[in-house]
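Here's a quick briefing to go with the structure.

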Amino acid sequence: MLPFEALLDVTATAAVSALAVGGIGLAVLRLVRTRRMAVQLAVVAVATVSAIVAGIIAITLRMFISSHDRDVALTVVAIAGLVGLGVAVLLGRRLARANQALVTAVRAEPFTAPAQVLPAELAELSRELEAAYDRLAAAHTREQALEASRRELVAWVSHDLRTPLAGLRAMAEALEDEVVVDEETVRRYHGRIRAEVDRLTEMVDDLFELSRIHSGTLRLSRQRVGLDDLVAEIVAGAEPLARAKGVRVRGAAERGLPLEVDTAELSRALRNLVVNAIRHTPSDGSVEILGEAGDGRALLSVADCCGGIPAEDLPRVFDVAFRGESARTPGEGGAGLGLAIARGIVEAHEGEIAVANAGPGCRFTVELPLAR
Ligand SMILES: Nc1ncnc2c1ncn2[C@@H]1O[C@H](COP(=O)(O)OP(=O)(O)OP(=O)(O)O)[C@@H](O)[C@H]1O
Ligand SMILES: [Mg+2]
């Protein structure tokens, strides 16, 4: 056993020489930091062995061990060092292979995680890459669907404008050339001309609103309003259309739930939901508008008796220009803008809009933050 002072001396000597070699090792690692992993691992192995060798030589010089012991120790270290170097190079190669597998996977289309076993960090990177690719693919699909619906919108808008315009022209010409003269027909023509102009005006107005939403120029002028007042206003506004169709509209809302919204815009969104609900409910059916609180948010729902929306249509009803298969008769129904506008307005209010089939029809729900 070495006496305490000698032990301290040995420790200090070994530490100083190891630190010196370690410093050189770090400097070399800095120089080769852009080289391959195997090279850097080899530097680590060589630095470790060199630190041990330097320590042994320093201790021999301070005469704590004989030169015979030194040679034995150096031989042992040399052999261990060679093995360490070999292991480091093997590890470096394996890392390089794993890395190469990842690179190949990234270049392939689509990305599939490499089948081989990866070290934890690379495995995590691979999982993240896979998730990123999935998000990218989803965004691409969304983008394509949007582009398709935009093309469809342009086609429908031009068609929907052209058909009534041709009708308007024909009626105007007939009146001008006095082809129709009997009072009854003239009155009917005037009535139809007004109705068509109203419909076209509404469509142009919807297009304008949609373009404001999409270009981000929709400015909300918020004011405080009770959820019950909002529901009452929507019910009252829907009354004439509902009566004309023989549909009952019922509204109910919890009192004292304040919202801070642009009432004109939000009413427009809700009106679109209610008009749809009435339009798709057979006469004698009913439409229910409910307002309640849940999870610190206001929940508005519009339920109808439309018989349910086909499952494959549910995710698409909010798309611009989407209007279900049954509505594809020219000149009938709307342009498929109502729900896209409703979604845009609700989202501008930091709210969410959704649809699900429920009971005898479907239920549109709007979730909005409550005012503080
Ligand atoms: N309450 C509902 N019940 C059944 N189907 C609905 C309902 N609301 C919407 N849909 C379906 O979703 C489509 C899109 O609705 P949206 O309100 O966006 O357009 P639209 O009513 O056809 O036209 P617009 O609202 O521009 O006059 C409708 O054409 C219809 O097929
Ligand atoms: Mg509509």
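Glu178 sits in the loop that links α4 to α5 (183-215), and its phi is near 55°, a positive value for a residue that isn't glycine. Bear in mind that this is a predicted model.

- Most residues other than glycine have a negative phi, and most peptide bonds are trans.
- Glu178 goes against the phi part of that, with its positive value near 55°.
- The peptide bond running from Glu109 to Pro110 is cis, its omega being near 0°.
- You'll find Pro110 in the loop between α3 (67-107) and α4 (120-176).

**Helices α1 and α2**

- Two packed helices are described by the angle between their axes and the distance between the axes.
- For α1 (residues 4-31) and α2 (residues 37-61), the axes come within 8 Å and cross at roughly 155°.
- Angles over 145 degrees count as roughly antiparallel, so that's the label for α1 and α2.
- The crossing of this pair is right-handed.
- On the α1 side, the contact is made by Val10, Thr13, Ala14, Ser17, Ala18, Val21, Gly25, Val28 and Leu29.
- The α2 side brings Gln40, Val43, Val44, Ala47, Ser50, Ala51, Ala54, Gly55, Ala58 and Ile59.
- Sorted by class, that α1 and α2 contact has 13 nonpolar residues, 6 polar ones and no charged ones.

**Helices α6 and α7**

- Helix α6 (residues 227-245) packs against helix α7 (residues 263-280) at an angle of about 35°, and their axes are 10 Å apart.
- Here too, the crossing of α6 and α7 is right-handed.
- From α6, the residues that meet α7 are Leu230, Glu233, Ile234, Ala238, Leu241, Ala242 and Lys245.
- Their partners in α7 are Thr263, Leu266, Ser267, Leu270, Arg271, Val274, Val275, Ile278 and Arg279.

**Around ligand 1**

- Which residues come nearest to ligand 1? Out of 19 around it, they're Asn276, Asp304, Gly336, Leu337 and Leu339.
- Asp304 uses its side chain: an N or O atom there is 2.6 Å from a nitrogen atom of ligand 1.
- Gly336 uses its backbone, with an N or O atom 2.9 Å from an oxygen atom of ligand 1.
- Leu339 has a polar backbone atom 2.8 Å from an oxygen atom of ligand 1.

Technical notes. Residues are numbered from 1 along each chain as its sequence is written. Chains are lettered from A and ligands numbered from 1 in the order in which they are written. This is a predicted model: local features need pLDDT of at least 70, side-chain atom pairs count only at pLDDT 80 or more; totals for chains, interfaces and linings use all residues. Side-chain values use heavy atoms; hydrogens and water are left out. Axes are lines fitted to C-alpha atoms, for helices over the stretch in contact, and angles run from 0 to 180 degrees between N-to-C directions. Helices (H or I, at least four residues) and strands (E, at least two) are DSSP runs, numbered from the N terminus. Angles under 35 degrees count as roughly parallel, over 145 as roughly antiparallel, 65 to 115 as roughly perpendicular and the rest as oblique. A crossing is left-handed if the near helix is turned anticlockwise from the far one by less than a right angle, and right-handed if clockwise. Contact means heavy atoms within 4.5 Å. Ala, Val, Leu, Ile, Met, Phe, Trp, Tyr, Cys and Pro count as nonpolar, Asp, Glu, Lys and Arg as charged, and the others, Gly among them, as polar. A residue is near a molecule or strand if one of its heavy atoms lies within 4 Å of it. A polar contact is a pair of N or O atoms within 3.5 Å; within protein, one must be able to donate a hydrogen and the other to accept it, and residues adjacent in sequence count only if both atoms are side-chain atoms.
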